[in-house]
Structures are given as structure tokens and as C-alpha cells.
Amino acid sequence: MDFIVFMSEQWLLVTILAVLVSGLIVVEGKRGGDSLSFHQLTTLVNQGNAVVVDVRETKEFKTGHIVNALNIPHLKLGDRLGELNKHKEKTIIVVDKMGQHAGASGRLLKENGFNVNRLQGGMSEWQAQNLPVIKS
């Protein structure tokens, strides 16, 4: 009840806070790379201009992943960056389950000189669209 009273009396402060939080979310999202639709991902990969890096845990990766995706779990990405050096001239498309780790992984890759994008909606959206997955 006190919270509602505070919000109604301090509407200007609440509005400013909401704008700042929204701006922070947008800025942090961009640091991890722009989001790509599954159509854009498919086009880039088919043209040979991109490599898909799935940052989910190996167990989850084996239940279904995008064709030719590399699996480097997000907690091990910093230690395994060398594996991606041969792909530095291509776009790295970071894929996770729903977007929770793609931003941080993308930011790490960008800091190390990679051109990075993220799959919008992650593997959850990919599978919801009934797009092909490989199980291993």
C-alpha cells in the first residue's frame, strides 16, 4: 500500500527510473551484439559468412542444436577463445537457450576482436519455429 502511495506521489522519479532502466537494458543488449532473426542467421551461414557458436552446456547441446554449430559452453568461452581465431573474419552468431547468456558471451567475443551477433530468442525460438536440429 505504501508503495502505491509513493509511486503516485513521486511519479516523476518513478518515470525517470523506468527510462534509465530501459536504456540500460538496450545498451547492455547491444554490447553483446545485435540480435538476428532465424532467417538472417540462415542466410549468413548459407553464404559462408558466419559461424554459429552454441554457448549452452554440452548436455543441453546434445539434445538438439543448429547444423554445424560449435559448442563452447559460456563458462568455458574465455578459456577456449583460441578455437575461434580461425573464424575471426566471419560473423560469430552466439546461440543459447533463451538469451540469458548470449549477451555476456557476445560481449566477451567483441572485446577479443570478433564480429558478433546473437540469435533472437535462442534455441527456444529456433525449435518453436520447427527449424531443423541435430541431435548428437
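Trainee: Anything to know before we start?
Mentor: This is a predicted model, where local features need pLDDT of at least 70, side-chain atom pairs count only at pLDDT 80 or more, and totals for chains, interfaces and linings use all residues. Residues are numbered from 1 along each chain as its sequence is written, and side-chain values use heavy atoms, with hydrogens and water left out.

Trainee: How many residues of strand β2 are buried?
Mentor: Five of the five, residues 50–54, so β2 is largely enclosed by the rest of the structure. Buried means under 20% relative accessible area, exposed over 50%, partly exposed in between (1.4 Å probe, protein chains only). Strands (E, at least two residues) and helices (H or I, at least four) are DSSP runs, numbered from the N terminus.

Trainee: And which residues are on which side of β2?
Mentor: A50, V52 and D54 are on one side, V51 and V53 on the other, and all are buried. In a regular strand the side chains alternate between the two faces of the sheet.

Trainee: What does β2 pair with?
Mentor: It pairs with β4 (residues 91–95) in the parallel sense over five bridges, with V94 as the partner of V53.

Trainee: Switching topic: how many salt bridges does the structure hold?
Mentor: Three, where a salt bridge is a side-chain nitrogen of Lys or Arg within 4 Å of a carboxyl oxygen of Asp or Glu. One of them joins R56 to D54, with the closest N and O atoms 2.8 Å apart.

Trainee: Is D54 buried or exposed?
Mentor: D54 is buried, because its relative accessible area is 1%. R56 counts as buried too, at 6%.

Trainee: Which residue does E60 bridge to?
Mentor: K97, at 3.8 Å between the closest N and O atoms. That pair links distant parts of the chain, 37 residues apart: E60 is in helix α4 (residues 58–62), K97 in the loop between β4 and α5 (102–111). E60 is partly exposed at 27% relative accessibility.

Notes. Pairing = 2+ DSSP bridges.
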